[in-house]
There are 2 protein chains.
Amino acid sequence: MKLRDLREDRLLDQLLSRLPRGKSVVAGMGDDCAVVETMNRDSFLVLKTDCVVEGVHFFWGTNARDVGWKAMMRPLSDFAATSALPEFALITLMVPEQTEVRWMKELYRGLRRAAKRFQVSIVGGETSSTPGPIAISVSVIGFVEKRRAISRRGGKPGDDLFVTGRLGRSLEKKHLQFIPRIVESRWLTDNFSIHAMMDLSDGLGTDLPRLARASKVGFKIDTKKLPLTRGANINDAISEGEDYELLFAISPRYNDRLVRSWRRKFPNLPLTRIGSLNRKSKIENRKLPGGYVHFQQSD
Amino acid sequence: MKLRDLREDRLLDQLLSRLPRGKSVVAGMGDDCAVVETMNRDSFLVLKTDCVVEGVHFFWGTNARDVGWKAMMRPLSDFAATSALPEFALITLMVPEQTEVRWMKELYRGLRRAAKRFQVSIVGGETSSTPGPIAISVSVIGFVEKRRAISRRGGKPGDDLFVTGRLGRSLEKKHLQFIPRIVESRWLTDNFSIHAMMDLSDGLGTDLPRLARASKVGFKIDTKKLPLTRGANINDAISEGEDYELLFAISPRYNDRLVRSWRRKFPNLPLTRIGSLNRKSKIENRKLPGGYVHFQQSD
């Protein structure tokens, strides 16, 4: 069997299920970040690796600075999902020998700017030549206070579902220039009890069912309420991905206070209640022809 | 200018010199591992990333389990150089969609075995498709007690230089099956004051001058004393690389005790005094036609 015949989720399940996972691992495979216990009493160590590959995540001709920005911001978006503070980054660069040094310098400029935005220190790097496309892998290491660590797994039936920002048409430009919602996520866990959270990288239609599965609940969303990017339709918002917005579950009792204080704190960033979690339905989420999960799912 | 026209050392210098480096960074670029201060009073956090790329570090047809082993052991060898204890690993996998799932499973078997050997927990992973060759990037995170952290930078004039194991002909087999000298390194820093240490990945002829430069000293080695792998000659031992043995500098006053207690502790692994550090010569280390640095350098 070839790799292309497997869905990524299943592949990772197959490959990783037997990986050693020590007692000190609080969250690992399948979560946005790995969260581990160390000697530190008050906080967890948080780890994330991600990569961008030419021909997959960007194309030749893309501004190198944008590529560097995206390579750094992707794992940082997972830190936002975990409500963790990133501190250090390691960069692995695989580049063909005919690459222009100028291009590399621009790439590093993008990596540096993105790191600086969140006060992340780039502390290590490795460069390898490759006979193939350019690939950049970034690992980020940081911390989260134990009481503020969030995963996809804590959603409860009855929780409201919120998303930040607007969804859809991110591939036109936003995916190279997005700002991970770390500030917003830290504010959320400082002021509210968030049950479950994740960042939307593969599209709401793929990511929300992941959150629901991890939380062992069902969900119901009102697609007419989805906050759309100008020019995007509902299908774009559900299927395209690369939005890097936050999706989170919170008890409905905080609804009013959350919406009011969010508007004061982040007047330029929409926060939208898109639906709620419910008891797991016996009816499996069905695939629709459009490729996305049936979103008016009911019990 | 193209990348191939730059030596890797110079490239990294160029690219990374402007990277932000926080006050909490004890060792970073140019060292084997990044070593950073955190809230922990007694130990440093230690970080390392490395990669193996098909067509560069291994070739199609190589046993996938060996590839996985090597991908994990390369950064662990840098932990040996730092005398640090690895704890967690993150894996980024870039693989073409036509890759056989069986191959991937064997790869993970190699990664798992290597991790298990040093009780490292693989806590996170990311898989991306690629239009190019297979590439595996592994980041390792761990700790080292502050008083035991070693870098390349502490060598002093007069220090003896030692190497573990045997050098040369590693490309025939050893580079896919080597065992990082973590146990030996931990024993060394538990029992002796080691001034400077590194692992030999690019060959003694490239790596020793790096240690000398980092320590701001010169060196003198007796090439006739080099511990050769069976069938290897002096040139192989100096130039080929991929040995993953330790090179370290220690005050000559410990010479007798070190050699005696090493032999008791590690009876099957040679430890060889190959030369010494000296005051920096005004004569620059000259390149010899063989591609390696003049090794009978004198003041």
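**View 1. Strands β8 and β10 of chain A run antiparallel and are joined by six bridges.** Strand β10 covers residues 245–250. Helices (H or I, at least four residues) and strands (E, at least two) are DSSP runs, numbered from the N terminus. Met198(A) has Leu247(A) in β10(A) as its bridge partner. This is a predicted model, in which local features need pLDDT of at least 70, side-chain atom pairs count only at pLDDT 80 or more, and totals for chains, interfaces and linings use all residues. Residues are numbered from 1 along each chain as its sequence is written, and chains are lettered from A and ligands numbered from 1 in the order in which they are written.

**View 2. Five strands of chain A form an open sheet in the order β8-β10-β7-β11-β9.** The pairing is antiparallel; two strands pair if DSSP finds at least two bridges between them. Because β8 (194–200) and β9 (218–221) of chain A each have a single partner strand, one side of each is left without a neighbour in the sheet.

**View 3. Leu47(B) is in contact with residues of chains A and B.** Contact means that C-beta atoms, placed from the backbone, lie within 7 Å. Leaving aside neighbours within four places in sequence, the contacts of Leu47(B) include Phe88(A), Val123(A), Cys33(B) and Ile141(B). Leu47(A), Ala89(A) and Leu47(B) touch the most other members of the largest nonpolar core, which has 172 residues. Such a core is a set of buried Ala, Val, Leu, Ile, Met, Phe, Trp, Tyr and Cys residues joined through C-beta atoms within 7 Å. A residue is buried if 20 or more other C-beta atoms lie within 10 Å of its own.

Note on methods
Buried ≥ 20, exposed ≤ 12 C-beta atoms within 10 Å, placed from the backbone. Contact = placed C-beta atoms within 7 Å.
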